[in-house]
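Please look over the sequence and structure shown here before reading the briefing, which is arranged by topic.

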Amino acid sequence: MKSFITNKKSIILVAYIFTLISCTTDEKQTVVTKTKLVMEDNFDTDGVLNSAFWSYDIGTGSNGWGNDEEQYYTDRPENIKVENGLLKITAISEAYMGSSYTSARILTKGKFEQQYGRIEARIKLPWGKGIWPAFWMLGANIDQVSWPQAGEIDIMEYLGNNPTTVFGTVHGPGYSALESISKKYTLTNSRFDTDFHVFGIEWDKDYINYYVDDVLYNQITPADVPGEWVFNRPFYLILNMAVGGNLPGSPNSDTTFPQEMLVDYVRVYQ
């Protein structure tokens with residue numbers, strides 16, 4: 001989600017999404033091997049989130065969470081709730097606390113953190129220019145060492161004006177922001193806003209594999225990053241839907257509100 005990126009020229013960041021850096025891989029990738037379930041939230045109880053796992057980020061953060069994002073994150077049921085077996089994160093166009101939009105961002109920091117494993121979520125994504133949902137992770141030591149030294153694993157990012165494509169990324173010291181290591185995955189004959197899909201990683205001490213549904217589309221290893229490999233410590237999970245920001249740009253006249261990001265489950269295996 002690039003939540004700690006400093007200001008960059010918008011035009012550069014827009015160009016970046018079309019020139020995502022792909023790590024080299026011979027496609028001889030480690031298959032899924034993590035099968036022991038250690039965390040699961042199926043969002044089966046209507047109402048508020050399970051506080052044993054989740055907390056809320058509230059507000060606009062510094063510089064729009066580092067990305068010039070335009071939403072105000074809340075914990076209101078209008079923006080986030082569990083209903084009919086789904087977590088619903090809703091972006092609304094409204095004047096609220098000085099912002100033009102509201103949405104929600106949740107995290108497991110201090111409650112559930114994982115080093116290595118298979119981390120996945122089944123999600124139906126929204127659609128529209130300026131809509132920027134993500135399922136991602138930050139190093140649990142971020143308060144001590146800051147970003148990007150703590151490391152960031154973007155399991156799934158998506159720009160709402162391109163409903164057939166998602167991308168997976170790592171950020172670390174020497175390869176953050178425009179220099180991050182990333183690869184995109186594009187559906188054929190389908191869209192991410194019309195059905196649920198499983199987004200996940202298989203992560204161990206010397207690789208991070210990215211997959212969509214049953215397709216393993218990328219592998220990142222220490223040899224692929226130009227700086228220190230910082231993915232050998234616990235990370236926590238984040239789900240959010242941003243509105244606007246340097247990467248997606250602002251919503252336009254074709255973007256309708258409200259927009260929903262629907263999460264069926266989050267699961268972690270080791």
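**Aromatic pairs and their surroundings**

The count of aromatic pairs comes to 12, where rings of Phe, Tyr and Trp (its six-membered ring) pair if their centres lie within 6.5 Å, and planes under 30 degrees apart count as stacked, over 60 as edge-to-face and the rest as tilted. This is a predicted model, in which local features need pLDDT of at least 70 and side-chain atom pairs count only at pLDDT 80 or more, while totals for chains, interfaces and linings use all residues. Residues are numbered from 1 along each chain as its sequence is written, and side-chain values use heavy atoms, with hydrogens and water left out.

**Aromatic cluster**

- Y175 and F231 form a tilted pair, with 6.5 Å centre to centre and 55° between the planes.
- This pair links distant parts of the chain, since Y175 lies in the loop between β12 (165-171) and β13 (181-186) and F231 in the loop between β16 (215-220) and β17, 56 residues apart; helices (H or I, at least four residues) and strands (E, at least two) are DSSP runs, numbered from the N terminus.
- Y175 counts as buried because its relative accessibility is 0%, buried meaning under 20% relative accessible area, exposed over 50% and partly exposed in between (1.4 Å probe, protein chains only).
- F231 also forms a tilted pair with F235, at 5.9 Å centre to centre and 35° between the planes, and both F231 and F235 are buried.
- Ring pairs link Y116, Y175, W203, W229, F231 and F235 into a cluster.

**Strand β10 and its partners**

- All nine residues of strand β10 (residues 131-139) are buried, with I131, P133, F135, M137 and G139 pointing one way and W132, A134, W136 and L138 the other way.
- β10 pairs with strand β17 (residues 235-243) in the antiparallel sense over nine bridges, pairing requiring that DSSP finds at least two bridges between two strands, and F135 stands opposite L239 in β17.
- Five bridges join β10 to β11 in an antiparallel arrangement, where A134 stands opposite E157.

- I153, in strand β11 (residues 152-157), counts as buried because its relative accessibility is 0%.
- Leaving aside neighbours within four places in sequence, I153 is in contact (heavy atoms within 4.5 Å) with residues including W136, M137, F231 and F235.
- W147 lies in the loop between α3 (142-145) and β11 and is buried, with a relative accessible area of 12%.
- The C-alpha atoms of W147 and H171, 24 residues apart along the chain, are separated by 8.8 Å.
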